[in-house]
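I'll jot things down as I go.

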Amino acid sequence: MKQIIAFTGLPGTGKSTLAEALATETGVPAFAGDWLLGALRPHGVLRGLERPVFLAMYYDLLGTLIKRQLMLGQSAIVDCLVNDEIAGRWEELAAEYDARLRLVECVCSDQDEHRRRLEGRQRGIPGWHEVGWDHVGRMRAEYPRLDRERLTVDAMESLSGNLVRVGGYIRRT
């Protein structure tokens, strides 16, 4: 069955690592919001955008890529922070194409380790920047925990163990 597999969570909780590992393992394309923004930034498209317009563009771009995959009869992996509203929109999109939405919430249960991971990372996304710990605080306030069915994985567990858990979750009927 076609699926939208959305990895969500605060920056530095391992969502990109897991999304990329799953994409490599399954051959399902992974779309990351930060990579899209990095491609747009050098063209000045993001300059001066108010936050609601910026977010609408961001999620519409990802939604378009997801829709195209579903139209082709294929699944899609998405790597971005989502809230219940966005998850609801993607759930409707999945239903339109006889697919299902699977949410994987990534957390890091050790705050010191979370901060260390975030401050030490270099993702190398062309045109995009690394975020700091202050950004995590803003995102925590802006994106309350999801109030819908999801699998929660902890970055304090091994990547291989979390990948096994994700695999079992997405194979579940």
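**Ground rules.** I'm working with a predicted model, where local features need pLDDT of at least 70, side-chain atom pairs count only at pLDDT 80 or more, and totals for chains, interfaces and linings use all residues. Residues are numbered from 1 along each chain as its sequence is written, and side-chain values use heavy atoms, with hydrogens and water left out.

**Entry 1: the count.** How many salt bridges are there? I counted a salt bridge when a side-chain nitrogen of Lys or Arg sits within 4 Å of a carboxyl oxygen of Asp or Glu. That rule gives me 13 salt bridges.

**Entry 2: R145 and E105.** I looked up this pair and found a salt bridge between the side chains, at 3.1 Å from N to O. It ties together distant parts of the chain: R145 is in the loop between α6 (133-142) and β5 (151-154), while E105 is in strand β4 (residues 100-107), 40 residues apart. For the names, I used DSSP runs numbered from the N terminus: helices are H or I with at least four residues, strands are E with at least two.

Next I asked myself: is E105 buried or exposed? My cut-offs are under 20% relative accessible area for buried, over 50% for exposed, and partly exposed in between (1.4 Å probe, protein chains only). E105 has 8% relative accessibility, so I wrote it down as buried. R145 has 54%, so R145 goes down as exposed.

**Entry 3: two pairs within helices.** E119 and R115 form a salt bridge at 2.9 Å, N to O. They are about one helical turn apart, because four residues separate them in helix α5 (residues 111-120). I noted R115 as partly exposed, at 39%.

D134 and R138 also meet in a salt bridge, at 3.4 Å from N to O. Again I found a spacing of four residues, this time in helix α6, so about one helical turn lies between D134 and R138. D134 is exposed at 53%, and R138 is partly exposed at 47%. I also found one network, with D34, R121, R123 and E130 joined by salt bridges that share partners.

**Entry 4: R102.** I found R102 in strand β4. Its relative accessible area is 5%, so R102 is buried. What does R102 touch? Taking contact as heavy atoms within 4.5 Å, and not counting residues up to four places away in sequence, I listed Q3, I4, I5, A6, E149, Y169, I170, R172 and T173. I also checked Y59, 43 residues from R102 along the chain: their C-alpha atoms are separated by 17 Å.
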